[in-house]
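The report below works through one structure, beginning with a single residue and its contacts and widening from there to interfaces, cores and sheets. Please keep the sequence and the model in view while reading.

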Amino acid sequence: MTAFFYQAVLQWKLDLRNRDVLLTYYLVPLVFFLFMGGILTSLDPGAKETVIPAMSVFAVSMGAFLGAPVPLTALYGSETKKAYQVGRIPLWAPAASNFLSAFVHLFLVSLLILLLAPPLFDASLPPHLPLYLGTMALFLFSCLCLGTALGLFFQTSSRLTMVAQVFFLPSIMLSGALFPAAFLPDPLRLAGRLFPASWSYSLLTGEGGWQAIAALLLISLVALGLCGWRLSKRGGLLTR
Amino acid sequence: MSKSALTVQNLCKRYGEKEVLKGVSLTLKEGEIAALLGPNGAGKTTALECIEGLRTRDSGRVEISGRLGVQLQSSSLPATIRPQEALELFCRWNGGERDREAEAELGIDALGKRPYRALSTGQKRRLHLALALIGRPSLLFLDEPTAGLDVEGRAALHRQIGRLKERGCAILLASHDMAEVERLCDQIVLLKGGRVAFSGSPSELLCQGETGAQISLKTGVPLDAAALKSCRFTGEHQGYALYRTQQLDEGLWELLSLARSAGVRVEDLRVEHQSLEDRFLDFAQQEETK
């Protein structure tokens with residue numbers, strides 16, 4: 001356990017040293033928040049109620065789909081995997097430590113948005129803060145399960161980049177975070193339900209119920225199952 | 001009598017229709033250094049990976065007594081990890097102790113806080129060797145350990161290998177550097193077409209098949225090789241006629257006499273004794289001609 005704890009803390013530090021990961025975890029989501037937060041709240045004063053969940057959904061989706069899988073593809077698609085295997089580091093460990101590190105980084109970004117939005121844009125804080133943070137944690141968990149599956153399934157960064165967009169763009173466009181999902185045609189609105197973002201956004205804005213929680217748990221479970229299957233196929237154990 | 005550090009019996013591996021390993025067996029005793037040699041495609045990497053456990057074997061038995069350390073031919077680590085962090089990470093998962101003496105010898109401390117991506121090829125190889133030495137393994141696999149190392153790095157590695165041997169560590173080495181093999185190894189295992197074609201000491205390999213010396217002779221006009229008795233014409237290379245002889249003095253005498261009697265001027269003459277590399281090439285060529 002101490003070995004895994006050391007690896008998780010180390011991964012957190014490695015992420016801080018990785019420029020690409022920092023861009024997708026912090027820089028781009030926060031710059032987007034500063035621009036779009038200003039635009040949305042100026043155009044529509046009603047957006048002050050929803051700017052925090054909307055920008056948080058964007059930040060988490062971006063980090064989980066475009067950032068978190070990158071170190072995994074770099075590791076499992078390269079000779080590093082073999083180096084870890086001969087060094088007796090179990091193959092689940094890098095994936096799990098990357099998950100935990102990304103969780104902490106993206107939770108911090110969500111907290112930054114939560115803290116900065118009221119003074120910058122006169123945004124309203126969520127009425128039930130603990131519930132909001134719990135929902136955010138569940139959203140993060142669900143998105144990172146999918147992000148981890150992406151990182152395990154694709155061995156080259158070019159393929160990963162293409163497929164990650166297939167998850168990221170619908171998450172943002174169909175979730176209702178940038179414009180109300182009610183304006184979308186039914187097929188697109190239903191397609192949005194395949195991604196954690198639409199369920200989480202409804203929960204974060206106080207509209208979703210147990211159905212949304214169950215959907216997020218189901219998505220997480222399916223993604224975790226895929227991760228486990230993929231890791232076992234990659235031959236994570238020494239056979240000697 | 002020293003104990004076996006590694007016993008491999010009848011190791012078989014097949015990729016689809018292709019049988020890559022056809023019953024490879026080898027034994028390595030404590031403190032022994034063995035080289036696994038063979039031409040490209042002979043099955044060296046597959047054999048090593050099956051023994052290491054990176055690949056599943058179809059049949060056969062692999063027994064390793066004690067801890068195994070492995071340095072792969074091509075290996076990498078996360079780009080931003082620092083050498084000390086990598087050593088600590090591997091050490092914690094292994095539950096063993098770091099070999100500080102070996103790390104000092106390999107110059108790991110001097111690498112400082114540089115990230116892995118900023119290390120040179122030689123520095124990376126030294127770091128991977130230090131990782132393989134975590135927990136003081138009783139058996140070590142080194143795949144092309146000196147590739148990319150400078151002269152100093154090579155010397156440090158050879159000193160390290162000597163130290164490990166003294167400690168009783170058995171080492172299985174895959175290398176293309178025959179001088180290194182000749183200098184370091186007690187045993188040579190030569191793979192050919194997925195089988196062990198030779199297993200024995202370097203001196204035993206040198207005595208196998210045709211021995212003696214090679215005479216390279218540069219003359220203005222070719223000599224009539226059919227008349228030779230104590231040496232044999234084997235071909236031409238860069239303007240030199242190549243002759244193989246079992247008895248150097250007789251071969252030289254005959255060639256020079258023949259040249260003088262034919263009135264041919266000898267422009268240059270070189271003598272080379274057969275090296276381990278020549279023997280290895282002979283084996284490889286035998287494979288190609290089969």
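Leaving aside neighbours within four places in sequence, B:Glu52 is in contact with A:Val86, B:Val70 and B:Phe141, where contact means that the C-beta atoms of two residues, placed from the backbone, lie within 7 Å. This is a predicted model, in which local features need pLDDT of at least 70 and side-chain atom pairs count only at pLDDT 80 or more, while totals for chains, interfaces and linings use all residues. Residues are numbered from 1 along each chain as its sequence is written, and chains are lettered from A and ligands numbered from 1 in the order in which they are written.

B:Glu52 belongs to helix H1 (residues 44–52) of chain B; helices (H or I, at least four residues) and strands (E, at least two) are DSSP runs, numbered from the N terminus. B:Glu52 counts as buried because 22 other C-beta atoms lie within 10 Å; a residue is buried with 20 or more such atoms within 10 Å of its own C-beta, exposed with 12 or fewer, and partly exposed in between, the C-beta atoms being placed from the backbone. The C-alpha atoms of B:Glu52 and B:Gly69 are separated by 9.1 Å, the two residues being 17 residues apart along the chain.

The contact between the chains takes 23 residues from chain A and 23 residues from chain B. On the side of chain A, helix H1 (2–17), helix H4 (69–76) and helix H5 (80–86) each give two or more residues, and H1(A) gives the most, with 7 residues.

In the largest nonpolar core, which has 74 residues, those that touch the most other members are B:Ala34, B:Leu36, B:Ala47, B:Ala130, B:Ile171 and B:Leu173; such a core is a set of buried Ala, Val, Leu, Ile, Met, Phe, Trp, Tyr and Cys residues joined through C-beta atoms within 7 Å. Beyond its neighbours within four places in sequence, B:Ala47 is in contact with B:Leu11, B:Leu21, B:Val24, B:Leu36 and B:Leu191. Another core, of 62 residues, lies apart from it and includes A:Val21, A:Leu66, A:Leu72 and A:Leu106.

Chain B is assigned domain 1 (4–206) and domain 2 (212–273), with bounds that come from an automatic or database domain assignment. The C-alpha centres of these two domains of chain B lie 43 Å apart.

Chain B also holds an open antiparallel sheet of 4 strands in the order E11-E12-E10-E13, two strands being paired if DSSP finds at least two bridges between them. Strand E11 (231–237) and strand E13 (266–273) of chain B are the edge strands, each pairing on one side only. Strand E10 (residues 213–219) of chain B is joined to E13(B) by 7 bridges, the two running antiparallel, and B:Gln214 stands opposite B:Glu272 in E13(B).

Two residues deserve a look for their backbone angles. Most residues other than glycine have a negative phi.
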